[in-house]
Amino acid sequence: MPHDLPVTLALVLLTLASAAAAVLALRRLRVKAGRGAEGESSSGESGDADAPVPWVRGLSLGVTLGAAAVLAYRWMRGGTAWQLVAHVDGLLMIGGLLALAAWYVQSRPRLRGLAGFVLVGVAFVLAWAICAAAWTYHPFNLERLDPVWEALHLGGVYLGTISAALAAAAGAMYLFAHRRLKRHKPPLAAGRIASLETLETVIVRCAAMGFVLLTLGLVAGVVVITHAGDGGTRLGEQWWLTPKIILSAGAWTLYAVLMNARRASAFRGSYAAWLAIAALVLLLSVYGVVTAVPGGGVVDPPESVNAVPAAASEGGVR
Amino acid sequence: MIGLSHRTADLALREAAALSGDRLDRFYARLSESHPNAEAVAVSTCNRTELYVARPTHEAPSGEALRGMLAETVGVPVERLAAATVQREQEQAAAHLFRVTCGADSLVIGEPEVLGQVKRAYADANERGVVGPVLHKLFQEAIAAARKVRQDTGIDRGRVSVASVAVEFAKGVFEGFAEKTVLAIGGGEVTKAMVRRLLEENARRVLLVNRTADRAQQLATTLGLTGDRGGARPWDDLERLLIESDIVLTGTASSEPILTESMLRRVVKKRRRRPLVLLDVAVPRDVDPAAGSLSNVFLYNLDDLQTVVEQTLSERGDQLASCEAMALEAATACMAEVQHRDVGQLVRELRRRLHDIGNEERARTRRKAHNLSPHDEDAFEQLLNEHTHRVINKILHLPLSQLDARDASRPLGFYAAALRRLFDLDSPQPSRPEQTPAEESQEDEKLSARITR
């Protein structure tokens, strides 16, 4: 199913909503110096001075529901049993689930500030989805793929990207908090900036989850690539040297290091934060390569890769 | 309200005048015995001792009597107490209570402990049965208003002690302290305060180091640090302890830094990039400022901590005006309700008293009328006049007796003016249409309802 205007318009609205939520959430991090946590009270009388901002929660939930609605619309119009027919679907799924994560963290007092960083990622992903829907639409070559392996590959990669995005958001917040602390800025109210220890934990756990999912997705992807059905591979003889594979392996390696950051002390603290951000950039560059380069970056693509069904646009993913 | 506070009395007098424990029991017992109709709540903290008493206007106990009772209970000469106490009446007393409960009258503006202290004082007085409807209303409204004012103005937000701010900085790095080791170097007051705060936050282990081993041991004993909880350690183990610890508090009298940049560089290498928080409250500083640039080292000195305290106090000061305005508004509304309720009660009691008089005289007149001949109009007229005079005399007997000039303790002028005002004696009496008793009663009911609404 080619792109259509309602989907593009819906994506524009969702992107604007998530950008607005990100701005509101990040603005809330800028507070007057000295506004610490609840007052020195043994009676706990001062009340919740840091309740979540209603607008940010509302917009986060709205983006989640909106993304789900657009996915459902595309699924019903597509008429296929399989929902993820192009990258725009994957990006919608990532954006929607990240928005849900942003909505959730606002209910956790010490992680509330993370929502701002996550929503920046949501806005970016949805903006990319606009491009994927309107200008670089490439449906997957579903007719030639094994549905089980395809599901494992796409599911693993997309869900792994969500974990990676959360790790990167936590990494960005870590760097923000680290800079404030190093500059002797007064502590912010509880609920706006989590401690460095908490953020490092979030990075490590999300990286671990992302690693597992990416492993699943990449292994399934290798199976998909190497079983072209005609004895060859989908990316040519030296498929392991294609940009897509190299970048994917690089991202996977970074996550393998990141999830062991606490044990490998050389990668603790702000190094872990930078690694998380770098790993996400590598992962997103895989999407970029796949979307922008016909054949997924193959130097000498075999004919089988370009022989896509007439209904799909040229330059299919696999 | 009669009381003294940090504004009017020094610490020694405040300590001497404190009402707690047995003294409080004796005070309430004495007050209940001598003035059973009076309501009282005594608010006694380290910064104030204030008595809030509700009783009918111009009745006992007077301010002077209360002062005397307080002086006798606490054993302080009444003259000394009189010089330091302030007396407030009616709306001013209520407004003061509301200000105190909101923290606007505290030594540290906005401090939240006073709200708990007022609640406890109210609960104590209630248990002893010395609180009545007026003080119930006043204290409940004051407590509710304090919550609202604090929430709306944020006057209690932020940390106002160096120790608390230090803990907040540490919380920026560590989520909790349950698995953390604290190293305290030196034994100054601020260092001790920080150690206590961290122990309140359940720090796993606190190690104490001092050039004088005995002082470290003494402090460890005072703080109850034994066994797994920590304790004193030798000064020579300082570098090793720095590697083990997560938070280091230092406040010695050393004139030179005791934690140099080179020492901390070695320590950081061996810590495997574990974060280290250094809180240096010494002047001159115990930690080389260059150490703050080391990776994963977070160094804060006294200036950093005091800046936060001053900013918080400044912000609270900015909020003071709106806090006081809200407290005053709430106090005024509360007093208006109390006074309206009082008036309603008064009108009901007055009507009951006058009805009693009327019923009594009616019964007497009826008995007498029974003996009269139905055609004896003169005797009947005489009986009616007698009835009227008796009712008027009975009604006026009590108020007129208050105008007895022979009793110097009575506020003669006040009562006289009140009677003139209440009975409108200065205006010519407008002629009123004849009304039946039922109509008169109905009009009185309407008047009463208007007053009590």
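These legends describe close-up views of a predicted model.

**View 1. Chain B as a whole.**
Chain B has 453 residues, and 43% of them count as buried. Its secondary structure comprises 16 helices and 10 strands. Take the contacts in chain B between residues at least 6 apart in sequence: 71% of these join residues at least 24 apart.

**View 2. The largest nonpolar core.**
Which residues touch the most other members of this core? They are Leu11(A), Tyr255(A) and Ile247(B), out of 118 residues. Helix α5(A) gives the largest share of this core, with 16 residues. A second, separate core has 58 residues. Among its members are Ile2(B), Ala40(B), Met69(B) and Ala331(B). In soluble globular proteins, nonpolar side chains tend to be buried together.

**View 3. Ile247(B) and its contacts.**
Ile247(B) is one of the residues that touch the most other members of the largest nonpolar core. Leave out residues up to four places away in sequence. Ile247(B) then touches Ala170(B), Phe174(B), Phe177(B), Thr181(B), Val182(B), Leu183(B), Leu198(B), Val277(B) and Leu279(B).

**View 4. Asp246(B) in its loop.**
Asp246(B) sits in the loop between α11 (238–244) and β8 (247–250) of chain B. Is Asp246(B) buried or exposed? Its relative accessible area is 9%, so Asp246(B) is buried. Neighbours within four places in sequence are again set aside. The contacts of Asp246(B) include Phe174(B), Thr181(B) and Val277(B). Glu179(B), Lys180(B), Arg271(B) and Arg274(B) are also in contact with Asp246(B). Pro275(B) and Leu276(B) complete the list.

**View 5. Leu31(B) and its surroundings.**
Leu31(B) belongs to helix α2 (residues 21–34) of chain B. Its relative accessible area is 1%, so Leu31(B) is buried. Beyond neighbours within four places in sequence, Leu31(B) is in contact with Pro36(B), Ala40(B), Pro61(B), Leu66(B) and Met69(B). Look at the pair Leu31(B) and Leu66(B). These residues are 35 residues apart along the chain, and their C-alpha atoms are separated by 8.6 Å.

**View 6. Helices α3 and α4 of chain A.**
Helix α3 (residues 87–105) and helix α4 (residues 114–134) of chain A have axes that come within 9 Å. They cross at roughly 165°. That angle is over 145 degrees, so α3(A) is roughly antiparallel to α4(A). The crossing of α3(A) and α4(A) is left-handed. From α3(A), the contact includes Val88(A), Leu91(A), Leu92(A), Gly95(A) and Leu98(A). From α4(A), the contact includes Leu114(A), Val118(A), Val122(A), Leu126(A) and Trp128(A). How do the residues of this contact divide by class? There are 19 nonpolar, one polar and no charged.

**View 7. Helices α7 and α13 of chain B.**
Helix α7 (residues 133–153) packs against helix α13 (residues 302–370) in chain B, with axes 10 Å apart. What angle do α7 and α13 of chain B make? The angle is about 155°. Angles over 145 degrees count as roughly antiparallel, so α7(B) and α13(B) are described that way. Their crossing is right-handed. On the α7(B) side, the contact includes Pro133(B), Val134(B), Lys137(B), Leu138(B) and Glu141(B). On the α13(B) side, the contact includes Gln319(B), Cys323(B), Met326(B), Glu337(B) and Arg341(B). By class, the contact has 12 nonpolar, three polar and six charged residues.

**View 8. Two residues with positive phi.**
Most residues other than glycine have a negative phi. His184(A) is not a glycine, yet its phi is positive, about 65°. His184(A) lies in the loop between α5 (147–182) and α6 (196–226) of chain A. Its relative accessible area is 32%, so His184(A) is partly exposed. Arg272(B) also has a positive phi, near 55°. Arg272(B) is in the loop between α12 (261–270) and β9 of chain B. At 48% relative accessibility, Arg272(B) is partly exposed.

**View 9. A cis peptide bond.**
Most peptide bonds are trans. The bond from Val283(B) to Pro284(B) is cis, and its omega is near 0°. Where is Pro284(B) found? Pro284(B) is in the loop between β9 (276–280) and β10 (297–301) of chain B.

Note on methods
Residues are numbered from 1 along each chain as its sequence is written. Chains are lettered from A and ligands numbered from 1 in the order in which they are written. This is a predicted model: local features need pLDDT of at least 70, side-chain atom pairs count only at pLDDT 80 or more; totals for chains, interfaces and linings use all residues. Side-chain values use heavy atoms; hydrogens and water are left out. Helices (H or I, at least four residues) and strands (E, at least two) are DSSP runs, numbered from the N terminus. Buried means under 20% relative accessible area, exposed over 50%, partly exposed in between (1.4 Å probe, protein chains only). A nonpolar core is a set of buried Ala, Val, Leu, Ile, Met, Phe, Trp, Tyr and Cys residues joined through side-chain atoms within 4.5 Å. Contact means heavy atoms within 4.5 Å. Axes are lines fitted to C-alpha atoms, for helices over the stretch in contact, and angles run from 0 to 180 degrees between N-to-C directions. Angles under 35 degrees count as roughly parallel, over 145 as roughly antiparallel, 65 to 115 as roughly perpendicular and the rest as oblique. A crossing is left-handed if the near helix is turned anticlockwise from the far one by less than a right angle, and right-handed if clockwise. Ala, Val, Leu, Ile, Met, Phe, Trp, Tyr, Cys and Pro count as nonpolar, Asp, Glu, Lys and Arg as charged, and the others, Gly among them, as polar.
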